[in-house]
Amino acid sequence: MNKRKRLLLLLGTVFLAVVLVGCGTSPITEQSTGIWDKYIVFNFSRIIIWLADLFGGSFGAGIIIFTLIIRLVLLPVMHHQTKSTQKMSEMQPQLKKLQTKYASKDPDTQNKLKEETSKLYAEAGVNPVAGCLPLLIQMPVLIAMYQAISRTEVLKTGNFLWMNLGAPDPYFVLPVLAAILTYATTKLSTMSQLEPNPTTTTMLYMMPALILFMGITLPSALSLYWVVGNAFSVGQTLLLNNPFKIKKVREEKSQIERDRRRALEKALKPKKRKK
């Protein structure tokens, strides 16, 4: 899948989420029917309320704990996606060589390019669609979270700190913080890339702007979810895929390679004879 198609997939997923969050307005109860309402949205609501009761009756605390549980469950997927993105970054020189080799636009050459590219991905154990997987998994969770809060009266009217969880943050503190953490999450993931990826660069600025807009207009409970989730992602990246450490190791390897080449050139260089 090329970069343009990946970007369109991401944009389509985000648009679908914005449309779906407006679907379903009837209150969620034990009498709710349908797989989505009865087994997903209603159970999200029950879990948040149960966690809130467990932590002193604070619905905000319930949302925070529930978000952390979700992130822990998704941790293997997110970690795999990060590793896959890193591998794809390291493959860029090889991909460019293939694109140069099969630069002709005739169908046979382009088919050969696709074949060789797929072979390269397979040998490296990389799936180019894997970068979209976490977003595709998180969107239903986000939609269910929104509907669990907006369709459960006790959550819709619940308070946390200065906010009504069912209404937007009046001071925009959480939306701004969510946007900043979204930027930090994407920025950290791109720092370890060998070459800038146009799709990732676009998402670096587009996603924070989208999160800020949605945070200002949607219930503050969602902004709380984004803040906690992205703070977790920042910590996860620094702990498991620290870009500063990756860059340092890469620079050390490059320096070793440069030293090796200099030593080889020096050894092969003809020595001047003394007169």
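**Labels and their cut-offs**

Author: For "transmembrane region", the unreviewed UniProt entry lists residues 47-74, 161-183 and 204-228. UniProt positions follow the numbering used here, feature names are shortened, and annotations may be inferred rather than shown by experiment. This is a predicted model, where local features need pLDDT of at least 70, side-chain atom pairs count only at pLDDT 80 or more, and totals for chains, interfaces and linings use all residues. Residues are numbered from 1 along each chain as its sequence is written, and side-chain values use heavy atoms, with hydrogens and water left out.

Reader: What makes up the secondary structure of the protein chain?
Author: The protein chain has eleven helices and two strands. Helices (H or I, at least four residues) and strands (E, at least two) are DSSP runs, numbered from the N terminus. In the listed span 47-74, 86% is helix and 0% strand, with the end C-alpha atoms 17 Å apart. Residues 204-228 are 92% helix and 0% strand, and there the end C-alpha atoms lie 19 Å apart.

Reader: Why is Leu-218 called buried?
Author: Buried means under 20% relative accessible area, exposed over 50%, and partly exposed in between (1.4 Å probe, protein chains only). Leu-218 has 13% relative accessibility, so it counts as buried. This residue lies in the loop between H9 and H10.

Reader: Which residues is Leu-218 in contact with, leaving aside neighbours within four places in sequence?
Author: They are Tyr-146, Ala-167 and Pro-168, where contact means heavy atoms within 4.5 Å. Leu-218 and Ala-167 are 51 residues apart along the chain, yet their C-alpha atoms are separated by 6.8 Å.

Reader: Why does Leu-161 count as exposed?
Author: Its relative accessibility is 64%, so Leu-161 counts as exposed. Leu-161 sits in the loop between strand S1 (159-160) and S2, and has a positive phi of about 55 degrees although it is not a glycine. Most residues other than glycine have a negative phi.

Reader: And why is Phe-172 partly exposed?
Author: Phe-172 has a relative accessible area of 40%, and is therefore partly exposed. It is found in the loop between strand S2 (163-164) and H8. Phe-172 is not a glycine either, but has a positive phi of about 60 degrees.

Reader: What makes up the nonpolar patch on the surface?
Author: Phe-172, Val-176, Ile-180, Leu-212 and Ile-216 form it, with about 380 Å² of accessible area together. Patches are made of residues with over 30% relative accessible area and no salt bridge; like charges are joined within 9 Å, and nonpolar side chains (Val, Leu, Ile, Met, Phe, Trp, Tyr) within 5 Å. A salt bridge is a side-chain nitrogen of Lys or Arg within 4 Å of a carboxyl oxygen of Asp or Glu. Helix H8 (173-191) and helix H9 (198-217) each supply at least two residues of the patch.

Reader: Which residues touch the most other members of the largest nonpolar core?
Author: Of its 40 residues, these are Ile-63, Phe-66, Met-145, Leu-222, Tyr-225 and Trp-226. A nonpolar core is a set of buried Ala, Val, Leu, Ile, Met, Phe, Trp, Tyr and Cys residues joined through side-chain atoms within 4.5 Å. Another core, of eight residues, lies apart from it, with Met-88, Tyr-102, Leu-113 and Tyr-121 among them.

Notes:
Areas by Shrake-Rupley, 256 points an atom, 1.4 Å probe, with all protein chains shown as cover.
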